[in-house]
Number of protein chains: 2
Amino acid sequence: MATGEFELIRHYFCRGPGAFGAPLGIGDDCALVAPPTSKHLAMSMDTLVADVHFPQHADPELIGERALRVNLSDLAAMGASPLWFTLGLTIPKAESRWLEGFSKGLFNVAHEYDCALIGGDTTRGPLNICIQVHGVVSGSNALLRGNAAVGDIVFVTGTLGDGAAAVAIIKQEFEVGKSAFDYFMSRFYRPEPKVREGKLLCGIARAAIDVSDGLLADLGHICEVSGVGAVVNVEQLPISEPLQKLAEPAQSRNWALSGGDDYQLCFTVPRAKLDRLELLLHQGKLQATAIGEIVRGKGVTCLRDGEAFPVVRPGYQHFGNDRA
Amino acid sequence: MATGEFELIRHYFCRGPGAFGAPLGIGDDCALVAPPTSKHLAMSMDTLVADVHFPQHADPELIGERALRVNLSDLAAMGASPLWFTLGLTIPKAESRWLEGFSKGLFNVAHEYDCALIGGDTTRGPLNICIQVHGVVSGSNALLRGNAAVGDIVFVTGTLGDGAAAVAIIKQEFEVGKSAFDYFMSRFYRPEPKVREGKLLCGIARAAIDVSDGLLADLGHICEVSGVGAVVNVEQLPISEPLQKLAEPAQSRNWALSGGDDYQLCFTVPRAKLDRLELLLHQGKLQATAIGEIVRGKGVTCLRDGEAFPVVRPGYQHFGNDRA
């Protein structure tokens with residue numbers, strides 16, 4: 001087994017898809033890249049900590065999958081196309097079984113999204129995975145948080161709440177059968193970064209964010225930065241069939257509103273562009289549901305049949321509460 | 001005190017030097033940057049783990065200084081000019097005193113090297129600081145590890161061994177007076193990334209690396225990637241006066257050869273360009289010492305008065321041995 005840092009890097013991490021515009025392989029002081037001209041480079045860094053963002057003893061292949069997927073989700077939320085990523089990996093010891101699984105999961109996702117590992121650092125310490133993803137987007141098309149305007153319709157891709165349900169299952173707060181277990185574990189460890197959707201929404205959506213901290217928290221960020229408010233009609237929240245089977249409607253709605261880890265896109269569309277969005281929905285190129293509207297004011301208000309809907313807890317903040 | 005992640009980011013990290021070519025402030029899903037055209041972007045990520053790379057209870061301002069300085073050293077080793085950095089900060093809890101000190105140290109260095117914080121992530125967990133620095137370099141000028149050629153003279157900037165001596169002092173293996181203590185702590189926590197020197201060496205040096213893991217290990221990387229060997233004359237190793245006072249010559253030399261944490265540049269210069277280097281040395285624009293030569297073969301050989309010089313231990317590898 002490779003015990004030195006350099007053998008370890010070579011053995012487990014010098015592979016994966018070829019890097020576009022990166023003339024230098026892994027292993028020099030820096031990675032060198034030639035970003036496409038006349039475009040902007042979008043960069044996002046996300047850290048995953050053992051027993052905060054995933055259970056320490058989870059299958060390392062799933063940890064690798066999740067680590068890159070949640071990072072790519074931030075590129076998706078800007079409408080950017082992935083190009084490269086870097087990996088800052090801190091591990092308690094260099095165990096070949098763990099590294100093999102982790103790198104397998106990581107490169108599965110790297111291949112799927114054509115995103116090449118171009119550099120990073122490995123160190124010894126409590127398990128911590130810091131990834132930075134880099135993508136390209138035409139500057140004027142980038143989906144920003146701060147562009148929402150009064151009258152925009154608020155949409156969300158896919159369904160919400162599965163991520164929070166998965167966390168409850170991991171914490172053994174719910175007992176489920178094997179097929180439901182597999183479904184929710186896949187939703188937690190293998191969320192689908194909406195890269196294709198983000199690119200389609202460039203030029204249509206005005207503001208966008210990925211739902212990582214919970215819909216209310218994330219839509220709240222759009223509202224705060226855009227200087228607007230939002231109304232969400234809870235009966236319109238898209239809930240998956242497995243989640244409808246797992247939990248009472250009140251619980252599902254609360255998870256959909258406040259649970260994190262869904263990695264769907266929440267975006268706002270001006271009314272003048274609704275026909276372009278509807279064409280994409282009709283063509284099956286995008287799956288999204290209208291859930292509310294941008295309004296004057298501040299913060300996110302939830303309505304159910306036109307009445308105020310009380311929400312059980314605010315969105316996930318790393319230092320605000322404990323999570324699996 | 002700000003307890004939520006977002007208030008924390010705003011309070012402690014939304015400041016520092018203005019970002020060149022970064023149209024979007026901190027706080028969106030991604031940072032957006034417009035890299036200078038016709039140049040390459042150099043990117044490097046380094047992770048610092050508490051009690052591996054610095055003592056957990058060290059002064060947070062010094063931790064912040066060191067974290068950014070050691071990262072900038074990788075840009076220096078490519079001859080790149082710093083532009084932006086991102087910060088993945090994992091902390092056990094959001095303590096305002098710690099964050100205030102840490103961010104103060106970080107921004108001191110950011111201002112000194114005109115490198116703007118453009119994004120990142122804060123999470124809860126065992127203290128871990130992952131920084132990615134981004135700089136710009138003309139692709140054909142970048143100082144790579146793999147370009148050394150037989151006959152090149154090997155140089156090193158500044159002096160070597162102070163970093164390892166500082167670690168020994170932190171580990172209380174040496175007792176020193178206050179002025180020596182202050183000197184070595186400054187060398188450990190406030191190493192000077194050789195950014196100016198790296199830029200001057202573009203077009204003169206053939207290969208370069210920063211001495212973070214120890215001269216023998218780092219020059220060994222140059223040799224391995226370049227397919228050459230190197231001879232180092234130990235009597236030519238530049239040792240600082242405080243280190244000469246602190247330790248016996250044999251100890252100082254071993255630290256200079258094998259200790260890490262010096263963050264000097266080790267570089268090789270073809271004989272045809274020695275006059276250009278000597279002009280820089282003569283003008284006082286650069287301080288560097290010739291310590292050996294690139295030769296046919298493999299690995300680094302140490303000589304003292306022409307005889308083989310035995311080295312006590314190999315360079316620092318994260319998983320190979322324990323370090324403060």
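This is a predicted model: local features need pLDDT of at least 70, side-chain atom pairs count only at pLDDT 80 or more; totals for chains, interfaces and linings use all residues.
**Exercise 1.** Find which strands of chain A are joined to E5(A), and in which direction they run.

*Solution.* Start with strand E2, residues 40-49 of chain A: ten bridges link E2 to E5(A), and the two run antiparallel. Next take strand E3, residues 81-91, which is joined to E5(A) by nine bridges, again antiparallel.

**Exercise 2.** Decide whether strand E5 of chain A is enclosed or open, using its buried residues.

*Solution.* Take the cut-off first: a residue is buried under 20% relative accessible area. By that test, ten of the ten residues in E5 (residues 128-137) are buried, so the strand is largely enclosed by the rest of the structure. Now check each face. On one side, A:Asn128, A:Cys130, A:Gln132, A:His134 and A:Val136 are buried. On the other, A:Ile129, A:Ile131, A:Val133, A:Gly135 and A:Val137 are buried too. Both faces are therefore covered.

**Exercise 3.** Work out how compact chain A is for its length.

*Solution.* Begin with the secondary structure, which comes to ten helices and twelve strands. The radius of gyration is 20 Å, close to the 20 Å from the globule rule for 324 residues, so chain A is as compact as a globular protein of that length. Then look at burial: 61% of the 324 residues are buried. Last, consider contacts with a separation of 6 or more: 85% of them involve residues 24 or more positions apart.

Conventions:
Residues are numbered from 1 along each chain as its sequence is written. Chains are lettered from A and ligands numbered from 1 in the order in which they are written. Side-chain values use heavy atoms; hydrogens and water are left out. Helices (H or I, at least four residues) and strands (E, at least two) are DSSP runs, numbered from the N terminus. The radius of gyration is taken over C-alpha atoms; the globule rule is 2.2 Å times the number of residues to the power 0.38. Buried means under 20% relative accessible area, exposed over 50%, partly exposed in between (1.4 Å probe, protein chains only). Contact means heavy atoms within 4.5 Å. Two strands pair if DSSP finds at least two bridges between them.
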